[in-house]
Amino acid sequence: MKYFLPYWEDKLDPDFDFVNDSFSKKHIELGSRNYDKYIHEIINNAPYDGILVSLGVFLSKLKLNEEDASVNGFKNLKEYLRFHNSNSNLELLGDCGAFNYVNEPEPPEMFNPERVAKLYNDLGFDYGISTDHLAVRTIKIRDKDNNLINKELTKHELRNRIKISLENAEKFLNIHKQKKYKFIPIGSAQGYSPITYRNSVKELVEMGYEYIALGGLARSNTREILSVLEKVKNVLKGRKLHLLGILRPKQLSVFEELGVYSFDSASYLRKAWLRSGQNYLSHDLDHWYTAIRIPQVDNPKMVESINKSGHSIEEAKELEQECLNLLRKYDDGQISLDKVINKISYYDKLFQRSGNDGKNLEEKYVQTLKDQPWKKCSCEICQSIGIDVVIFRGTNRNKRRGFHNTYVFYDFLKSKVYKSTSVYKIAE
Ligand SMILES: [Zn+2]
């Protein structure tokens with residue numbers, strides 16, 4: 001199975017100085033736009049088979065005329081994403097980003113199938129997903145006072161969205177044939193129940209699609225996803241399936257049996273900084289560790305809580321640096337766990353958290369530091385930055401931790417260990 005990572009905007013400073021906690025000279029001289037790099041340029045083996053780009057993300061940068069298309073002046077999106085600087089043979093998958101227009105009655109004109117197919121072709125995509133419209137239960141609309149309110153879609157509206165998706169898929173495939181475009185076309189199947197998904201897939205197979213994407217399931221639970229896949233399997237007839245926005249390590253084996261060929265999701269990347277207690281995945285996928293929060297003193301939230309605490313900014317800065325130094329010393333085996341944890345907890349309670357929540361984190365920090373999971377991981381990120389990978393602080397640490405998580409998952413996928421691993425050993 002192939003794993004695609006949805007495109008993210010932020011790049012990293014490849015030479016970020018973790019010891020002095022500062023950007024590299026070149027980053028400062030040339031600016032992040034010119035110097036920062038994608039993770040596939042920084043490490044030897046990218047933790048994904050390719051990147052999923054939603055055309056909607058690039059709307060402001062996108063130019064399309066009769067002759068050609070470009071993004072920020074790049075005629076080929078792979079060049080813009082600098083795939084040529086990667087040792088991996090990365091692929092480019094495109095979709096329209098239907099979540100962005102889910103509240104509209106139909107996909108905006110800029111996503112008409114003809115235009116979308118031309119964009120995929122001209123911008124050098126390997127795969128392109130047809131223009132779809134999500135058949136979700138509720139959307140947001142404006143009421144007469146211009147407030148955003150929830151609106152439940154009727155059965156008729158849901159069916160209409162499925163119909164729009166199928167009509168677009170048909171036009172998309174016809175244009176692809178007529179113009180002899182080179183990318184591989186993927187038909188998007190929408191639905192709101194196992195049977196409606198099955199019907200969509202059946203029609204797409206009849207149209208001639210060899211590769212089909214299931215959309216609108218990103219927020220569904222595992223049981224719902226599996227019941228859709230089981231229904232779909234009967235009409236799939238050996239075609240390939242892509243799951244949009246879904247990553248389930250425990251289900252890989254089952255997914256494969258049910259015809260899934262590829263999927264995409266940024267959830268393991270984003271967990272690194274979005275989840276409060278689960279930020280770092282152990283190398284054996286057995287446990288999610290909490291990253292240790294040492295926020296920058298100069299971030300506005302911190303300044304506010306420092307002022308409230310009655311301590312000075314200078315004092316806070318000193319404490320912040322002390323915490324970072326102690327963590328490094330602990331990593332080198334120079335000081336005890338107690339010493340570092342006491343200081344971090346003091347800093348934590350003084351400026352960030354109080355009461356039970358703070359105590360909770362302290363226990364979790366102890367586990368992270370005691371187990372030292374970064375020393376057991378063979379990924380290039382853990383090998384090169386050590387304990388900094390579990391420090392919750394700034395993009396350069398947080399995103400690297402996200403890519404470590406992605407690496408652990410990707411390694412598991414590629415080694416096919418999932419075929420023989422007990423599902424109970426994989427952390428939720
Ligand atoms: Zn790692």
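The model is predicted, so local features need pLDDT of at least 70 and side-chain atom pairs count only at pLDDT 80 or more, while totals for chains, interfaces and linings use all residues. Residues are numbered from 1 along each chain as its sequence is written. The chain holds 16 helices and 16 strands; helices (H or I, at least four residues) and strands (E, at least two) are DSSP runs, numbered from the N terminus.

**The whole chain**

- The chain is as compact as a globular protein of its length, because its radius of gyration is 24 Å, close to the 22 Å that the globule rule gives for 428 residues. The radius is taken over C-alpha atoms, and the rule is 2.2 Å times the number of residues to the power 0.38.
- Along its principal axes, the C-alpha trace spans about 65 × 55 × 50 Å.
- Of the 428 residues, 37% count as buried. Buried means that 20 or more other C-beta atoms lie within 10 Å of the residue's own, exposed means 12 or fewer, and partly exposed is in between, with C-beta atoms placed from the backbone.
- Among contacts with a separation of 6 or more, 70% come from residues 24 or more positions apart. Two residues are in contact if their C-beta atoms, placed from the backbone, lie within 7 Å.

**Two helix pairs**

- Two packed helices are described by the angle between their axes and the distance between the axes. Axes are lines fitted to C-alpha atoms, for helices over the stretch in contact, and angles run from 0 to 180 degrees between N-to-C directions.
- Helix H5 (residues 113-122) packs against helix H6 (residues 155-178) at about 50 degrees, with the axes 9 Å apart.
- H5 and H6 are therefore oblique to each other. Angles under 35 degrees count as roughly parallel, over 145 as roughly antiparallel, 65 to 115 as roughly perpendicular and the rest as oblique.
- On the H5 side, Pro113, Glu114, Val116 and Ala117 meet Asn168, Lys171, Phe172, Ile175 and His176 of H6. These contact residues divide into five nonpolar, two polar and two charged. Ala, Val, Leu, Ile, Met, Phe, Trp, Tyr, Cys and Pro count as nonpolar, Asp, Glu, Lys and Arg as charged, and the others, Gly among them, as polar.
- The axes of helix H10 (residues 267-274) and helix H16 (residues 394-414) come within 7 Å and cross at roughly 140 degrees. H10 and H16 are therefore oblique to each other, and their crossing is right-handed.

**A buried glycine**

- Gly128 lies in strand S6 (residues 127-129) and counts as buried because it has 25 C-beta neighbours inside 10 Å.
- Not counting residues up to four places away in sequence, Gly128 touches Gly94, Ala117, Tyr120, Phe183, Pro185 and Ile186.

**Two residues with positive phi**

- Most residues other than glycine have a negative phi.
- Asn72, not a glycine, has a positive phi of about 50 degrees. Asn72 sits in the loop between strand S4 (69-71) and helix H4 (77-80), and counts as exposed because it has 11 C-beta neighbours inside 10 Å.
- Leu285, also not a glycine, has a positive phi of about 60 degrees. Leu285 lies in the loop between strand S13 (280-281) and strand S14 (288-289), and counts as buried with 20 C-beta neighbours inside 10 Å.

Technical notes: A crossing is left-handed if the near helix is turned anticlockwise from the far one by less than a right angle, and right-handed if clockwise.
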